[in-house]
Amino acid sequence: MNFLNRLSNWFSRSGRDENLMAEAMELANKKQPAEAIKLYTELMRSTTASSETKARALFNRARIAAVERQFSC
């Protein structure tokens, strides 16, 4: 079912944003924070993303940065 949801999301801008958000979350879970931060930044800079999507991207990006900072000290 997850695959079908992603496939159907290709046909709307908000769906593509959701796919990017999901991809960034997967990257963060796979311990690839730099790539996840790039996707979150892309969502935040998007002119077509909803304010809710931008807020979620900002929050998740900040969480990754805080964890990175905590482990680098």
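1. Helix H4 supplies the largest share of the lining of the largest pocket, 6 residues. Helices here are DSSP runs (H or I, at least four residues), numbered from the N terminus. The elements giving two or more residues to this lining are H2 (13-29), H3 (33-45) and H4 (51-72).

2. The model is predicted, so local features need pLDDT of at least 70 and side-chain atom pairs count only at pLDDT 80 or more, while totals for chains, interfaces and linings use all residues. Residues are numbered from 1 along each chain as its sequence is written, and side-chain values use heavy atoms, with hydrogens and water left out.

3. The largest pocket has a volume of about 320 Å³. A pocket is an open set of points on a 1 Å grid over the protein atoms alone, where a 1.4 Å probe fits, with protein on both sides within 12 Å along at least five of seven lines; lining residues have an atom within 4 Å of a point. The volume is the space filled by probe spheres set on the points.

4. Among the lining residues are Met25, Tyr40, Arg63 and Phe71. The lining divides into 7 nonpolar, 2 polar and 3 charged residues.

5. The axes of H3 and H4, lines fitted to C-alpha atoms over the stretch in contact, come within 9 Å and cross at roughly 155°. H3 is therefore roughly antiparallel to H4 (angle over 145 degrees).

6. In the contact of these helices (heavy atoms within 4.5 Å), residues of H3 including Ile37 and Leu43 meet residues of H4 including Ala57 and Leu58.

Terms used: Ala, Val, Leu, Ile, Met, Phe, Trp, Tyr, Cys and Pro count as nonpolar, Asp, Glu, Lys and Arg as charged, and the others, Gly among them, as polar. Axes are lines fitted to C-alpha atoms, for helices over the stretch in contact, and angles run from 0 to 180 degrees between N-to-C directions. Angles under 35 degrees count as roughly parallel, over 145 as roughly antiparallel, 65 to 115 as roughly perpendicular and the rest as oblique.
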